[in-house]
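Work through the exercises below with the sequence and the model at hand. Each task is followed by a stepwise solution.

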Amino acid sequence: MSDIARVGVVGCGLMGSGIAEVFARAGLDVMVSEASGEALEFGRTRLTNSLETAVKRGKLTPEQRDEALSRLSFTVELSDFADRDLVVEAVAEREDVKVKIFETLDRVIERRDAILASNTSSIPIVKLAAATSRPEQVIGLHFFNPAPVQKLVEVIPTLTTSAVTTERVEAFASQVLAKEPIRARDRAGFVVNALLVPYLLSAVRMFESGVATASDIDKGMEAGCAHPMGPLRLCDLIGLDTIVRRGGGRAPPGPGRPPPRRVPDGPGYLTPASAQASSYGWVQMSDAL
């Protein structure tokens, strides 16, 4: 039986709101924080709409939706997390921001064996642990998008994470959240992104070199390898800004392997601007060239 009942989520963007929904649907007392009231309301609306969509698709009953909503509370003050048993940080992939959050959580959370987790996919967990006085309680807990649908979670202990913390988190993920945890070392990309990002960047290079059109590259992997989505469409779904951050240190240029170009103003290219915010992505850009 898990001893984790009161949980917190820092950040209510795409991943944070999804993680909060997973927790609420699992019957937990969930508190969600954002940096501003405006961002918090946007996240609350996203979360509510997601639950409503689950009802329309027959995944939840109206009663289950209402119960999940009743378990959610919202704040702009991290000090309100004082009574939490577990907090998952899910803000933008900026190390300085995450470090400050972990420093604050370490000060305000009262339970000494409370777990501080990060949903990061690119920042070393040990750097976040070093910002606290309880590194043995810090761990990576990486969900996949969309969190309410994807069954996998990566559990990432550091060299300083205690075995008890790792076991508690794995049991929580499998028994309470009904997820499928896998354990990974605290290294760039963990398991999934260490394999996925080089594959996505290879597709980018293939398109740039003119080997095939974007639509044919995607069709090749969908029809030839039974992938549900081709690599370039997947880049657009993930967000090209996220691909840039994740790929920065994982596929260095080498002989015969130049880095992907970055076109500053073209949606659908590997630029620091998410393709989801543009009107078209890789396939449409390919057709326009």
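**Exercise 1. State what share of the protein's residues counts as buried, and how many helices and strands there are.**

Solution. Of the 289 residues, 47% count as buried, where buried means under 20% relative accessible area, exposed over 50% and partly exposed in between, with a 1.4 Å probe and protein chains only. Next, the elements: the protein has 11 helices and eight strands, taken as DSSP runs (helices H or I, at least four residues; strands E, at least two) numbered from the N terminus. The model is predicted: local features need pLDDT of at least 70, side-chain atom pairs count only at pLDDT 80 or more, and totals for chains, interfaces and linings use all residues. Residues are numbered from 1 along each chain as its sequence is written, and side-chain values use heavy atoms, with hydrogens and water left out.

**Exercise 2. Give the strand order of the sheet and find its edges.**

Solution. Step one: the eight strands form an open sheet, ordered S3-S2-S1-S4-S5-S6-S7-S8, with mixed pairing; two strands pair if DSSP finds at least two bridges between them. Step two: S3 (72–75) and S8 (180–183) are the edge strands, and each has a single partner, so one side of each lacks a neighbour in the sheet. Step three: from one strand to the next the twist averages 25°. Angles run from 0 to 180 degrees between N-to-C directions, and axes are lines fitted to C-alpha atoms, for helices over the stretch in contact.

**Exercise 3. Characterise the largest pocket by volume and lining.**

Solution. Start with the volume, about 940 Å³. On a 1 Å grid over the protein atoms alone, a pocket is an open set of points where a 1.4 Å probe fits, with protein on both sides within 12 Å along at least five of seven lines; lining residues have an atom within 4 Å of a point. Grid points are joined across faces, edges and corners, and a volume is the space filled by probe spheres set on the points. Then the lining: among its 35 residues, Met15, Asn145, Ile238, Thr242 and Arg246 lie nearest the centre. H10 gives the largest share, four residues.

**Exercise 4. Phenylalanine 190 and alanine 178 both have positive phi: is each buried or partly exposed?**

Solution. Phenylalanine 190, in the loop between S8 and H7, has phi near 55°. Its relative accessible area is 4%, so phenylalanine 190 is buried. Alanine 178, in the loop between H6 and S8, has phi of about 60°. Relative accessibility is 42%, so alanine 178 counts as partly exposed.
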